[in-house]
Amino acid sequence: MDDGKSQKPTLLHGVLSLTLTSAKNLPSTPIIHGVFQKKTTDPYVRLSTGDTTLLTSRIIENTKNPRWDQDFRVDVCCAESELFLKVVDKDMKTGESLGVVRVSCKELAKETMISGWKTLVSDSNAALDSYIKFTLSYTAAEDLSDGLVVPNSYYPVRKLSSLTLYQDAHSTNPPNERGPRNCFEDIYNSILTAKKFIYISGRIDPNIKLMRTQKRCFTLGKLLKRRVKAGVNVLVLLWDEESRLQTIPSFQEFIQSAADTKEYFRGSGVRVVLADRTKAKPGYLKQQTAGTCYQHNQRFLVLDVPDTSSSTKKRGLGAFVGGLDLCTGYWDTPDHALFSTLTGQHSKDFFQPSFKASPDTGPRFPRHGVHCKVEGRAALDVLRNFEERWKKQAPLKKSLLSKVNSSRYALRGGTAKQNKWSVQVFRSISEDGCNFLKEDNLKSVKGRLVDDGIHRALVHHIRRSYKFLYLETSQFMGRSWRGDTPKDRHLVALEIVSKVCQQIFNGKRYAVYIVLPLHPAGDPASREVQEMLFWQSQTIDMMYKMIAKAISKKGPTGAKVTDYLNFFSLASKVSYEAGPKVDMDDKNVPLAAKNRRGMISICGSVMVVDDEYILLSSGGVSQGSLSGRRDTELAIGAWQPHHTQENIEDKPHLQGKVHQFRLSLWAEHTGISNPSFRRPHRIGCVQEMNKIAMGNWKLFISENSSTTCHLIKYPIAIQHSGQVVNRDDAKFLPDTKARTLGRQMRFPAEKLTS
């Protein structure tokens, strides 16, 4: 193979497939940490681009002639001269190896496959009498499937499904006549009418009311207890967050205590299991790291529902999935009130994690989120996910699970055929959190099975997009392959900017709209949040610099980076007459209350691709949510086959429910329905959104003014080169001492803040 040092970097944008067979005559493991030398070795294989690991095989104990017989598939988007296939002992420190094969990226891209027995060389490039057998192939992104179905996924696509989309927990006065329904009200009624079982995963507060526009309704806790008395099997799987609470003081103010919830239901018949987030394999340090830094974040409810698709007496299956938890602070409306509901709908539901505040002063912490209800076989996939997790977290309580199969339940959706959806379920999860029913389409990381389906779904649909992307997300961190650190290995940010640059080179219009919270939940000046803001700003900086270079080479005359990529936030500012009166001289009253303004948080994420595909996830865009090895997440991808580009090429733009739902979201954020919003890839729409957001930002930071809507520009400035710098009016986040661009901290650990 060629000497990588003499080569220029070669772009690998697509999929690497590795079949790892075996190795022979491996050397003994050298001295470990200067203490001892092993007589044999416990080898595994790591494929990397230097410091960034792409995949790792399982560990074979106590052998110099290991046989792995493993297949791997990994998405890549990187410009490198070499790939490194290293054989490593499990006890070796980072950077050391028993031997390595250097693979020329230029040769791989040209030949597309390298196969057979290869000689290992030492870290100093000396040939060894050791060999490894493998097949490594490369498939460019343009040669991959560009269909709506995500290939090689744990769950197949479920056709003829029924899907309902929700924006926020309770939608009052939907922006148009086809606007969304009320999520929490539908959840309440579904629980009330369930006859067989109710399974819940996420965080719940038994004292909240899901319905607040009616005087007579039960709290969530009382409602679940009543269903148990009616013979319904109620199982609740909660993340046991106590280790994180004890380790990270800044999180204590806003994490719902799972232990309190379990105590509330004690003796009621509602079975509650506290699921800790620890590694399945032994090791005190690894156990503590996982318990502190990772979380179970799947947010869903699955239950039996009436079957409206046939005349049988069978019950159907329904699942509510997305970014909303059934706990404190999540009940909200598209108005996202800061003060006006403190004595009404939020009088017993005040939530503010950013600073010390109370219902007497406000403001509350509004939450915007997208959720959905799916019926049919996709709901069965959500249920199987619950069963896999329950069997792992509560192995002694397997018998509590209800028997659910196609012979007992109707598994077809209940809407007209032209309104049917195709639905696919995706997860981020590992065998630490569930007992997989099968090993098909799972990754193996040092022998641990991992499902990173959400990441693969995002990458697949970004690559196949051709006009625009719209993304709302609670976090956006992902420098991955660019810059001076492999902070995040996921590809979402880089795939987005690569698509933008590709379309610029092809002379085509393409637009990306990304909506972020002003800062992640928590004190914005805390070390954890500042670290997250730092990496988020570095991610944005990387993207704008790449677009600036593409424009300088092939872009239209006078084009700007913001013609293609824009970041927004959601916030509100109201008049001094709204809400409780506060003493302006009282130092205990938060500045946000005195200035009558506040940010609007975003729960989970939603991505709309070309108005034909939608992906809703419980997590954000970060390594923690997407790797599959850290946080446990759940997502739904969906489209209407009768409303895709393939089926309606004669129409100027898609007009299905994905399109309608995006317009509804934009109407909520901008307060208007603008004709340009129907073609979001066009420069006129980009300019209109920026005009609205910038005007609203100026109102948000001004005195004696109120915002006209919720959409504001994310408060950064972009130079001609694409470099992200502070805005003159936003070096610090409003009403705080927190740096807008964040600060890099030596602590906390990377795994907590990425």
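**Exercise 1. Decide whether Asp 325 and Arg 203 are buried or exposed, then describe how they pair.**

Solution. Both Asp 325 and Arg 203 are buried, where buried means under 20% relative accessible area, exposed means over 50%, and partly exposed lies in between (1.4 Å probe, protein chains only). Before going on, note that this is a predicted model, in which local features need pLDDT of at least 70, side-chain atom pairs count only at pLDDT 80 or more, and totals for chains, interfaces and linings use all residues. Residues are numbered from 1 along each chain as its sequence is written, and side-chain values use heavy atoms, with hydrogens and water left out.

Next, look at the pairing. Asp 325 forms a salt bridge with Arg 203, and the closest N and O atoms are 3.2 Å apart. Here a salt bridge is a side-chain nitrogen of Lys or Arg within 4 Å of a carboxyl oxygen of Asp or Glu. The pair links distant parts of the chain, 122 residues apart: Asp 325 sits in the loop between β16 (315-322) and β17 (367-375), and Arg 203 in the loop between β12 (197-202) and α3 (220-229). Helices (H or I, at least four residues) and strands (E, at least two) are DSSP runs, numbered from the N terminus.

**Exercise 2. Find what the salt bridge between Arg 364 and Asp 332 ties together.**

Solution. Start with the contact: the two side chains meet at 3.3 Å, N to O. Arg 364 and Asp 332 both lie in the loop between β16 and β17, so their pair ties together parts that are 32 residues apart in sequence. Finally, check the cover: Arg 364 counts as buried at 2% relative accessibility, and Asp 332 is buried with a relative accessible area of 1%.

**Exercise 3. Check the spans of α7 and α9 against 1.5 Å a residue.**

Solution. The expected span is 1.5 Å times one less than the number of residues in the helix. For α7, with 17 residues, that should give 24 Å, and its end C-alpha atoms are 24 Å apart, which agrees. Helix α9 (residues 492-505) has 14 residues and reaches 20 Å from first C-alpha to last, close to the 20 Å expected.

Now consider cover. In α7, 14 of 17 residues are buried; in α9, 12 of 14 are, including Val 492, Glu 495, Lys 499 and Cys 501. Just after α9, Gly 507 takes a positive phi of about 70°.

**Exercise 4. How many residues apart in sequence are Leu 570 and Leu 711, and how far apart in space?**

Solution. First place Leu 570: this residue is found in strand β24 (residues 565-573) and is buried, with a relative accessible area of 1%. Then compare the two distances: Leu 570 and Leu 711 are 141 residues apart in sequence and 4.9 Å apart in space, C-alpha to C-alpha.
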